[in-house]
Amino acid sequence: MKKGLIFWMASAILLVSFTMTGCRKPKPQPEPTQGKYDLAVVSMLANPDGMSGTSWLQIIDGLSEKNVTNAKARQIGFGMPPMGVIGNDIYTIPDYGASNTFEKWTRSKDGSLTKTAEMELPVNSFASHGLLVSAEKGYLGTMTGKVLIFNPTTMQLTGDIDISSYAIEGVLVPAIGAPFVDGDKVYMPLWQVDANRMPVGDPMIDMLVVDLKTDTVIKRIQETNSGLTNAGYPYGIQRNCFKDEMGDIYYIAGGAFSINPKYKSGILRIKNGSTEIDPGYNWVFNDQTIEGENGKASWLVATHYLGNGKLFGYADVPDYWTNPAMPDWVHDRSIISVEIDIWNKTVKKLPIPHTCAYSTHVSSYDDQMLFSVWGEQGSGFYTYDPKTGKVSDGPAINMPGFAFWAYQFKD
Amino acid sequence: MNQRHIFITFLLLFSLVSVSTLSAQTARIVGVVIDASNEDPLAGATVYTPKLQRGEVAGRNGEFTLSGLKAGGYEVTVSFIGYEKQTQKITLREGETRKETIRLKAEAKSLHEVVVSAKSEARQLREQAMPVTVLSSVQLAGSVSDVSDILGKTMGVTIRSQGGVGSASRLSVRGLEGKRIGFFIDEAPMNDHSDFIDVNDIPVELIDRIEIYKGVVPAKFGGSAMGGAVNIVIKEYPPRYFDASYTIESFNTHKVSTGFKRNLAKQGLEFGGGGYYTHSDNDYVMESPFHKNLIIKRDHDRFDALGWGFGMKARKWYFDELEIFLEGVKNNKQIQGIFSNIQQAHSKSIAGVLETAMKKKDFIAEGLDLNFSTAVALTRFNYIDTAMHRYNWMMEPYIPVHPLGGETGSAPSKSTILKTHVGSKLNLNYIITEKHAVNLNVFQTYTHGNPTDTLKDVALGYKTNYNSDMNSVVVGMGYDYKSLDDRLLNSVTGKYYFYSMNTILREYVQPHRENPIDLKKHYWGIGDALRYRFAKEWMAKFAVAYEVRTPTESELIGDGYLVAPSGSLLPERGTSVNIGAIWDKKILHGMFQLEVNLFGNHLYDMIRQTRNIIQTQYDNFGEMRSLGAEAEVKSDICAWLYGYANVTYQDLRDMRKYEQNSQVPNTTYGIRMPNIPYFMVNAGLELHKENLFGVRRTNTRLFADAAFVEEYFYDFEQSIYQERRIPRSLRLDVGVEYSMMGGSLILSGKLGNVTNTKLFSEFNYPLPGRAFSVRLRYVMK
């Protein structure tokens, strides 16, 4: 009798355990709904270990979704935003340090996303950004001294540009900033940095001018007087480089992310018709007065050019650091939103709450501007009306985790 | 030293000689040792035959066998702590098998024997009020598994191992792990020495028992384990002992271990020693979790470890026991890359320890028991990463991480970390009356660290390694109340922690200032554990504690480079509750045990890592709640079959309400903590038969074990399309053990992961597939 009891109990335990695991919720299908579904957003969450995390991409119905959840979002690589969009295709970066798979996601009108292609990049590329030139050509920057060239339609690697010989003394291989296409040329900023993307050597702007058709280097341009360093910080869809109505090209210089004041942050210009950095422009932000703000910026983080000389963006002000000696991106909401007049060289603080470095996306949606904020009262995208100067009361769209990226599809 | 060598050789020869003249010695005594009053078997009783100078230890059911005897008269002396020694005179004929039942009478009670109950130490521990699982040597015996396999099958415990032999492994008790779980060898903390010795380095045959404390940790473990503790107790061999074993396993793994003991009874001196050597290539094949369809054979995972120790115990020099031990450990470990292909980076370490321990009952006053130990350890750890090329998985070279080389991190390294540790432990237990006892535990550690890495300093352009001095003192005071009929036992303990750290820290940002660090911190904790015995077989336990985990050195100080300092870090605080019931019944064929526990834990100021753009940093911004249940049933189903099954369900959830410094609700509030398995089932059967197929003096055992872990996520669950999961797994192991010559020679074999199922640890590190293991062991009897 005892023998039977034991067997029964043991099997009961196992039976219960298997039944419990059997009862799992089936995956629900996404319901088709009405709506524009023209705004792609990414939210980013860190894991308890602090080293890994998740990024979630989904399409929402414009500004009508007040509270976004990740329940139906798709997982993309953590750490870097999507590198670009062509038509309805979003290209996402591999999980930083944990994957080499570059992915393409296609948007459907009902707001659903499908992964349509994958491309394996060489191991340890740490590809983090690039430029989609056309449906047949794109560039990806890596940490291995090569700029990868690929075909976005077929998702195949087609070649590379070897930039390792352009390393300055003390640098193993340079990385690139955001590339910018101007007619038949591509400007590729060189970042003379170490494995942590920190600048090495003297502050300077270093850039290659590359022939778009042949991918050969035409010339190298440098600017060593202003102290500006690291042009084209690869952050967000706007990529921190643009052309204004005069045909002049502007590049944002990121400096050393506020860590080292020797490397200055600001804006540089390449005038229309020239292929040299305009020595008369070199606007250094570290000493720039900001209207409505007592402190000075040490890092111009991200920007979006609206037009008419008006540039919107984020600047890190060390006065708001808890420890004046160094930034703490977790505790310090030290980044303010600014409106920059690139023609008159003025900067004005906007009435938008301060945010942290992981939440610095700015772009436009119809006639509004979206500013991502990780604030004390709310976290998500605030709207700003550039005509009236009106800011939404709290986030217009509340996002889980960090509001990392947004993109409007203009159908 | 030479004398001992000769002595051991002589011993070996003597035993072999005894074995070889088997034919003329076929008589034997088969017996059982039991308690005279209640017939309880006395597992662990010593059965000694002076004529042969041989000792036996009574097994789980009190059984023993003295075999290979010539005809004639023998005196057999049986002893067990708390009982009066008994000597029997037995005369044997040629080839006779004599069955004897030895009934021992409990010793006349004196003041401290009341508290020391006449049971094996393992059983005593189980009956404490603390929630503790004890794996006795009987359960460990014969198993070809290593320690982590055994621990992994215990309810509430998982081993998070990153690979094969010698790889980093962390103990996880009820979901809490890493630095929250203390790992001890003979009550000496080993968490800080994980570079030198790991749970798996200890050969199973040297272990007497493994104590697993869950949720509430006894004060005597000092330190700051808060989720639980695992204490591995090394065997106290019978007065005369010799043991040697050799194991060969898959992936070119070889393990050798040996232990010996020699007693000089008149002088009250014992000498003992032992050692082990392990080598493994760990060259198993794995599927890359990062590159689709990439199959990799691990080719840079070699592990070598050598450990030795020997010492002396004196029983007649003022103290009841005075021990002096000298130990050393040396190991070499290659680093196997999983995401990228690492071909050169490796580490090596060496450590030497001198320990003394003393025990005395009735120290200074009657009823005051002293237990004091102190140890000095010198350790050296090297990390070497100087390759001038990295390689991809096709062995094509590409640039290293820095102009000066390196495969890992962002700069090359050739580091030497020298550390001196001095630690002492004092335990005083005072028995006031039969019902009341108080105890005091003081635990002290001092560590002086001297790290250097000139290569890295040149690569970074500034020095980041500085000397450090760390002091920690933990004081625990406890009060035990025990009712006269031993039904109720209650232990309440208060703990006080002091921690200080003195070093220099280099700021990461320009201009890289050197900041002196002089931290002093102190905290307190309290706990209560209660045990009530309803009937002889039924016992209920209740324990509650408020514990504190002081931050580790690396959390407070960082590494001067990638990990920023967090000098203001508070300790973690946790409240834990455990309710359990144990049913321990003697049945026809042996024993039946059922244990059920319910537990809960709420952790505040949880120290979590957060990533800045450049560095990582530790912060107190976590809050976590765990609730769970575990149950285990073990039974001798019939005379030749033993079975067990256990199930653990642990539900750990993020309880942080808001994002840091804000009123923004935490997105992951109430979501299960990622990367922690939550549902595990283990079950197994063991068949055993003596003299199978009529071959005499043999014992055959067949094992089969199954371990099931439910699928879990390795990120916070967010979406119905969540992809990163560690898949559900069912692992089967089978083994056989064949002992011959009355247990002197044991041959065992095991096939692990029989079905070659894909197994992963957290972060999707692939674990070995099917692997075999064969062991030959000789035990002097």
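User: How far apart do the C-alpha centres of domain 2 of chain B and domain 3 of chain B lie?

Analyst: Domain bounds come from an automatic or database domain assignment. Here the two C-alpha centres lie 8 Å apart. Domain 2 spans 112-232 and domain 3 spans 233-779 of chain B. This is a predicted model: local features need pLDDT of at least 70, side-chain atom pairs count only at pLDDT 80 or more, and totals for chains, interfaces and linings use all residues. Residues are numbered from 1 along each chain as its sequence is written, chains are lettered from A and ligands numbered from 1 in the order written, and side-chain values use heavy atoms, without hydrogens and water.

User: How many residues are in contact?

Analyst: Contact means heavy atoms within 4.5 Å. In chain B, 74 residues of domain 2 touch 105 residues of domain 3.

User: What area is buried between domain 2 and domain 3 of chain B?

Analyst: Buried area is the accessible area (1.4 Å probe) that two parts lose on being put together, summed over both. For domains 2 and 3 of chain B that is about 7,500 Å², with 54% from carbon and sulfur atoms. On the domain 2 side, B:Met155, B:Phe196 and B:Glu205 lose the most area, together 11% of what that side buries.

User: How many salt bridges are counted between domain 2 and domain 3 of chain B?

Analyst: A salt bridge puts a side-chain nitrogen of Lys or Arg within 4 Å of a carboxyl oxygen of Asp or Glu. The count between these domains of chain B is 4. Elsewhere in the listing, B:Arg174 and B:Glu630 pair in a salt bridge at 3.1 Å, N to O.
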